[in-house]
Amino acid sequence: MPDSSDQEIVEKAVGGDAKAFRLLVERHQSFVYKLAHRFVGERDDAEDITQESFVRLWKNLNRYRPEIKLTTWLYKIVTNLCLDFSKSKYNRQSNRSVELDDHRGMISAWSADQPLLDEELRLAVEKLTADFSPKQKAVFVLRDLEDLSMQEISEILSMSPGKVKSNLYYARKKMSELIPVYYQVKKPAKP
Amino acid sequence: MNCSEAERRIHLYRELTDREREETQRHLEKCSSCTQIMERAFEMQWMIRYQYPDPPPMEDEAVMTRRIMNTVHELQGKKTSSLFRRLFANQFNNPLRYAMAVVSLFLVVAFVNEYSMGNKTPLLYKRYRLVPGRKTPLNSASFHDALIAAKEKSKDITPSLYDCVVNCLNSQDPDCADCKNKLQNANKKI
C-alpha cells in the first residue's frame with residue numbers, strides 16, 4: 001500500500017477500510033494543517049480544523065469522483081471550514097478600519113537575521129489579513145501563498161473567475177498599501 | 001487606458017494576458033504615479049512570494065492521526081447501531097422501551113412457568129375444553145394427557161368400542177361380553 005496512488009487508497013477507504021484511510025491521513029495531514037494555519041493563524045484552531053477536515057472527508061468518501069484530485073478536494077473541504085471559522089470570527093469583530101497611527105512602527109526588525117525578519121513578516125501579514133473579508137482572505141491565501149491557479153481557486157471557492165479576480169485585487173491593494181506600515185526594516189546606522 | 005484601470009491591472013499583473021501586460025507597460029511609461037504604485041505592489045508581491053515563511057509544523061503528527069482515527073472509529077460504530085439507537089434512544093418517554101420491557105418480562109414469566117410445570121400444561125395455549133380431538137394442542141403428549149384427565153374427571157364416560165377392543169386385546173380376552181354388545185349396537189346403527 002505505501003506505493004499506491006491516492007485514488008487507489010481512496011477506493012479502498014470507500015469500502016470502509018480504516019487502515020487505508022489512516023494512510024491518507026498520514027500522507028496529507030501536514031499539508032492540511034499548513035493550509036489551515038495560513039487561514040486561522042493559531043495552532044489549536046488549525047489542529048481542530050485539520051481533524052474536522054478529515055472527518056468530513058471520511059463522511060463524504062462515497063461522493064469521491066476519480067476525475068478530481070484528492071488534494072483539490074481537500075483544499076475545498078479545508079477552505080470551506082476555514083471560511084466558516086473566519087466568518088464567525090469576522091462577524092464578532094466590530095467594523096473598524098485599520099488605523100495607521102495605531103500600528104505604525106509596531107513591528108520593526110533591527111537584526112539582519114532572516115528567520116526573525118520572516119517571522120515578523122508573517123505576523124504582519126496575519127494582522128493585515130485579519131481585516132480582510134473571509135472571501136478576500138481565501139483568495140489571497142490560495143493564490144499568493146499556496147500558488148494555485150485562478151481556475152483551481154474558482155473551483156474550490158465555487159466562485160466565478162471575475163469574482164476571484166475582484167477579491168484578489170482588493171486583497172493585494174490593501175496589502176501593498178499597508179504592509180510598509182506594519183513591516184518596517186530599520187537598517188542599522190553606518191559607522 | 002486611464003489610471004484607474006492601470007492600477008487594477010498592476011495589482012493583477014500575474015493574471016494578465018500578454019496583450020494586457022503590453023498595454024499596461026505602455027501606460028506606465030507615461031505615468032509616474034502609476035509607476036510608484038507598481039513598484040510598491042511588486043515589492044509586496046515579491047516579499048509574499050519569496051520571503052513569507054511556512055507556518056510552524058504540527059507539534060505531534062502521531063497524536064493528530066490518533067485523534068482523527070478515534071473519531072472515524074466512533075463514526076463507524078455509530079453507523080451500525082444507528083437503527084438500534086433510534087429505536088431505543090435514551091429518552092424517558094419512549095413508549096417502545098416500556099412496551100419491550102413488558103413483553104420481555106411476560107416472556108420470562110411464561111418460560112419460567114413452563115419450565116416449572118414440566119411442559120405439561122403450556123401456559124400460552126388457549127384453554128379449550130379437554131375433549132380429545134377437538135382443538136387440542138398438536139402436542140401428542142398433551143392429547144393423551146387431556147384424554148386421561150377427561151376420563152378421570154367423569155367416571156361415567158362409557159368406554160368406546162375402540163377402547164373396549166384395545167383393552168380386550170391387551171388383556172387377551174376375545175370373549176369379552178362388553179365388546180360383543182358394543183359391536184352389535186354399532187352394527188345396528190350401520
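The talk below sets computed values against the definitions behind them.

Tutor: This is a predicted model, in which local features need pLDDT of at least 70, side-chain atom pairs count only at pLDDT 80 or more, and totals for chains, interfaces and linings use all residues. Residues are numbered from 1 along each chain as its sequence is written, chains are lettered from A and ligands numbered from 1 in the order in which they are written, and side-chain values use heavy atoms, with hydrogens and water left out.

Student: How many helices and strands are there in chain A?

Tutor: Chain A has 9 helices and 2 strands, where helices (H or I, at least four residues) and strands (E, at least two) are DSSP runs numbered from the N terminus. Along the sequence their order is α-α-α-α-α-β-α-α-α-α-β.

Student: Why is A:Glu47 called buried?

Tutor: Buried means under 20% relative accessible area, exposed means over 50%, and partly exposed lies in between (1.4 Å probe, protein chains only). A:Glu47 has 12% relative accessibility, so it counts as buried. In chain A, which has 191 residues, 48% are buried.

Student: What makes the pair of A:Glu47 and A:Arg43 a salt bridge?

Tutor: The rule asks for a side-chain nitrogen of Lys or Arg within 4 Å of a carboxyl oxygen of Asp or Glu. The closest N and O atoms of A:Glu47 and A:Arg43 are 3.5 Å apart, and the pair forms a salt bridge. Both residues lie in helix α3 of chain A, 4 residues apart, which is about one turn of the helix. A:Arg43 is called partly exposed because its relative accessible area is 33%.

Student: Which label, buried or exposed, belongs to A:Glu67?

Tutor: A:Glu67 counts as exposed, because its relative accessibility is 60%. Its side chain meets that of A:Arg65 in a salt bridge, at 3.8 Å from N to O, and A:Arg65, at 46%, is partly exposed.

Student: Why does the pair of A:Lys173 and B:Glu7 join two chains?

Tutor: Their side chains meet in a salt bridge at 3.7 Å, N to O. A:Lys173 lies in helix α9 of chain A and B:Glu7 in helix α1 (residues 3–11) of chain B, so the pair joins two chains. B:Glu7 is buried because its relative accessible area is 16%, whereas A:Lys173, at 23%, is partly exposed.

Student: What is the area buried between chain A and chain B?

Tutor: It is about 3,900 Å², of which carbon and sulfur atoms give 62%; buried area is the accessible area (1.4 Å probe) that two parts lose on being put together, summed over both. Counted by contact, meaning heavy atoms within 4.5 Å, 45 residues of chain A touch 33 residues of chain B.

Student: How many salt bridges does the rule find across that interface of chain A and chain B?

Tutor: The rule finds 11 salt bridges there, one of them between B:Glu15 and A:Arg172 at 2.7 Å, N to O. On the side of chain A that touches chain B, the largest share, 11 residues, comes from α2(A).

Student: Where is B:Phe106 placed, and is it buried or partly exposed?

Tutor: B:Phe106 is in helix α6 (residues 95–117) of chain B, and its 49% relative accessibility is why it counts as partly exposed.
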